[in-house]
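The following note concerns the aromatic side chains of this entry, and I would ask that its points be read with the coordinates open.

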Amino acid sequence: MERRDYPLEIDGLTLYVTDWGRADARPIVMLHGIRGYAETFAGVAAALQPDWRVIAFDQRGRGRSDWDPGCNYYTDTYVRDLTQVADRLGLDHFDLLGHSMGGINAIVFASSFPQRVGTLVIEDAGPGAFEHSDGAVRIRRELETTPPAFANWEEASAFMRALRPSVTEEARQQRLRSMLRMRQEGGFTWQYDHAGIARTRLHPDPSRQVDLEPHVRALRAPTLVIRGGASDYLQPSMTARMQSLNPQIQVMEIPRAGHYVHDDQPEAFHAAVSAFLRAPRSRHTREAGNPVRPSPTATSS
């Protein structure tokens, strides 16, 4: 699989892009979650070859990208970053996938620029989940209690095992490799702006918080919402509300997956995304508003 890694100067910051697949293939942009990184989508990028060019970038404050000195870790800023990345790469029309925080950003972008988004996939995100779910409480607690540094790699691994017990050890180690950096004085610290992101999440500016419901209602692209069957974040009542707001939305629930569906059940997630993206557009229209029935792969994984 072809791969290109490169920086883009966006809004005064350097954002790092990972670009998988043929440059002339159908483009899809993927947006990670609050403490995620572009590399988290390597598996689904491989599953979409050779038909898609998969583009992901470390959103500001994460991975290799610059930290925002003003702590502008808000939806409006992320959407502006996505707009500028797409413009710089000449992406006038593309598919879009977002997980968690990235899902919020994807919904707002797709509703704001309907002419630019062909197909939309939202992984475990939607109205109410960010504010009122048990998962939102968990995320706030994690941000409050996460240590700033670790004495050694095993200490960091033990922390990640306790934090993400449902994912495989391989996925946890990949996460650590993408999230940690060595300290000059020894040990490891986070490679993302933990303090700034935590401050924005725990003490947000109310004027910059987003009501997602109008954006869900305004979506025009064929949209699949994938919920982890064991997720503490996006609840069935929330996906039902999304469908009541916009009958075009389809919902799939993947059993034995938590909030990180692509980590917990990667094969089922890859199969669901691939099938939805590859479905003829006429089928999207015909099935609008109906739940997607999990394929045998999705059910048994």
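1. A residue is called partly exposed when its relative accessible area falls between the buried class, under 20%, and the exposed class, over 50%. Phenylalanine 113, with a relative accessible area of 25%, is therefore partly exposed. The model is a predicted one, and the remarks below should be read accordingly.

2. How many aromatic pairs does the count come to? Taking ring centres within 6.5 Å as the criterion, the count comes to seven aromatic pairs. In one of them, the rings of phenylalanine 94 and phenylalanine 109 have centres 5.7 Å apart and planes at 35 degrees, so this pair is tilted.

3. Because phenylalanine 94 belongs to strand S5 (residues 94–99) and phenylalanine 109 to helix H3 (residues 101–112), the pair ties together parts that are 15 residues apart in sequence. Phenylalanine 94 is buried, at a relative accessible area of 1%, and phenylalanine 109 likewise counts as buried, at 0%.

4. Phenylalanine 109 also forms an aromatic pair with phenylalanine 113, for which the distance is 4.9 Å centre to centre and the angle between the planes is 40 degrees, and this pair is tilted.

5. Elsewhere, ring pairs link Phe150, Phe159, Trp190 and Tyr192 into a cluster. As a separate kind of contact, arginine 201 lies over the face of phenylalanine 130, at 3.7 Å from the ring centre.

Conventions. Residues are numbered from 1 along each chain as its sequence is written. This is a predicted model: local features need pLDDT of at least 70, side-chain atom pairs count only at pLDDT 80 or more; totals for chains, interfaces and linings use all residues. Side-chain values use heavy atoms; hydrogens and water are left out. Rings of Phe, Tyr and Trp (its six-membered ring) pair if their centres lie within 6.5 Å; planes under 30 degrees apart count as stacked, over 60 as edge-to-face and the rest as tilted. Helices (H or I, at least four residues) and strands (E, at least two) are DSSP runs, numbered from the N terminus. Buried means under 20% relative accessible area, exposed over 50%, partly exposed in between (1.4 Å probe, protein chains only). A charge sits over a ring if NZ of Lys or CZ of Arg is within 6 Å of the ring centre and within 35 degrees of the ring normal.
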